[in-house]
Amino acid sequence: MKPIGGYFELEFREGEHYHKNAIKLSTARQCLEYILLARKYKKINIPYYTCDVLLEPIKKLGVEYNFYHINEMLEPIFDKVLDKDEALLYTNYFGLKQNTVLSLSKQYKNLIVDNAQAFFSSPVKHTDTFYSARKFFGVPDGAYLYTDYPLDKKFPPYVPNLHTKHLVGRLVHTAEMYYNDYKESECAFSNMEIHSMSILSEHILKALDYQQIIQRRRENYMILSHHLNNLNKIKFNISDTDDVPMAYPFWNDKVNLRHSLISQKIFIPKYWQCVFEWTTAQDIETEFTERLYPIPIDQRYKEKEMNYIIDHILE
Ligand SMILES: Cc1ncc(COP(=O)(O)O)c(C=O)c1O
């Protein structure tokens, strides 16, 4: 029995996880480690256009890896027949590539879907799929995994005590003041053993109004599409789909757009710095890292912020 009465802890609305039936871990890379352990893969094919932290579990477990290229529509250039103990990992880029995920799942039994950028994309039956909550919400950690191969093992929950400062700090002060704390909280995940989701993230993720979040993201995306599509070299129309994007990917040749937006306090992340090491200047992945700008469309913002971004880009 827990103590009764006394001072109060933080309180949250008691709702449900969006991914109710998934295994709840701490980070996406830990989900990949779990899959590699459960499926005993010896080899994995990963895109050049991805985050280098995915190599942590691959190297830790001594799994052989090969990179593959993607095309201008963010689809794999890959036609290898996979060995039994070999996997293909594909990233559902910006939450806009569910159709590609579906067709790959028909072609490859050993597909691993990285939905770190696609929190709201449904898992495909019998396909190992993982999600990372930090890319979509203000939580210290949180990842979801769907697999038909559960490990018979319990993992200790991640305790983020020291790594919640940026979440509270940005709420009451400025993003800039807590950027270093945010970086530190991210570094803490480096080479961390598999943990289950922290109790704090569980509470936050069960309290969110997902339907409102979905609607906001889709509306914001459509505002940006309407005004920027004619300047964008890559276009994804979401009006005929259920896609809920992570960001509006804007591919444009304008030099220094990222810096000029940052000077207006519009923060545009760079996906991903490691790509410069892995590829050459001629490769499409270098171009994407340099000039495919993920413009924020998340639930914190409405039409006013979208128009502010549009005005600065058009300027
Ligand atoms: C596409 C993609 N997959 C996986 C990851 C790893 O996520 P996590 O930091 O939750 O391990 C990232 C991290 O940025 C990512 O961008």
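Entry 1: The model is predicted, and I required pLDDT of at least 70 for local features and pLDDT 80 or more for side-chain atom pairs, while totals for chains, interfaces and linings use all residues. Residues are numbered from 1 along each chain as its sequence is written, and side-chain values use heavy atoms, with hydrogens and water left out.

I found 13 residues around the ligand, the closest being A28, R29, D114, S132 and R134. By class, the shell holds six nonpolar, three polar and four charged residues. Here Ala, Val, Leu, Ile, Met, Phe, Trp, Tyr, Cys and Pro count as nonpolar, Asp, Glu, Lys and Arg as charged, and the others, Gly among them, as polar.

Entry 2: I looked for pairs of N or O atoms within 3.5 Å. A polar side-chain atom of R134 lies 2.8 Å from a ligand oxygen atom. For A28, a backbone N or O atom is 2.9 Å from an oxygen atom of the ligand. W272 places a side-chain N or O atom 3.1 Å from a ligand oxygen atom. I then computed the ligand's area (Shrake-Rupley method, 1.4 Å probe): taken alone it exposes 390 Å², of which the protein buries 94%.

**Entry 3: aromatic pairs.** Rings of Phe, Tyr and Trp (its six-membered ring) pair if their centres lie within 6.5 Å; planes under 30 degrees apart are stacked, over 60 edge-to-face, and the rest tilted.

Y49 and W272 form an edge-to-face pair, because their ring centres are 4.8 Å apart and their planes stand at 70°. I located Y49 in the loop between β2 (43-47) and α2 (55-60), and W272 in the loop between α8 (257-263) and α9 (275-278), 223 residues apart. Both Y49 and W272 are buried, that is, under 20% relative accessible area (1.4 Å probe, protein chains only).

W251 and F288 are also edge-to-face, with centres 5.1 Å apart and planes at 75°. This pair links strand β8 (residues 247-251), which holds W251, to helix α10 (residues 284-291), which holds F288, 37 residues apart. W251 is buried at 4% relative accessibility, and F288 is buried at 0%.

I also noted a cluster in which ring pairs link Y18, F119, F120, Y131, F136, F137, Y144, Y146 and Y210.

**Entry 4: whole chain.** The C-alpha trace spans about 60 × 55 × 35 Å along its principal axes. Of the 315 residues, 54% count as buried.

How values were computed: A residue is near a molecule or strand if one of its heavy atoms lies within 4 Å of it. A polar contact is a pair of N or O atoms within 3.5 Å; within protein, one must be able to donate a hydrogen and the other to accept it, and residues adjacent in sequence count only if both atoms are side-chain atoms. Helices (H or I, at least four residues) and strands (E, at least two) are DSSP runs, numbered from the N terminus. Buried means under 20% relative accessible area, exposed over 50%, partly exposed in between (1.4 Å probe, protein chains only).
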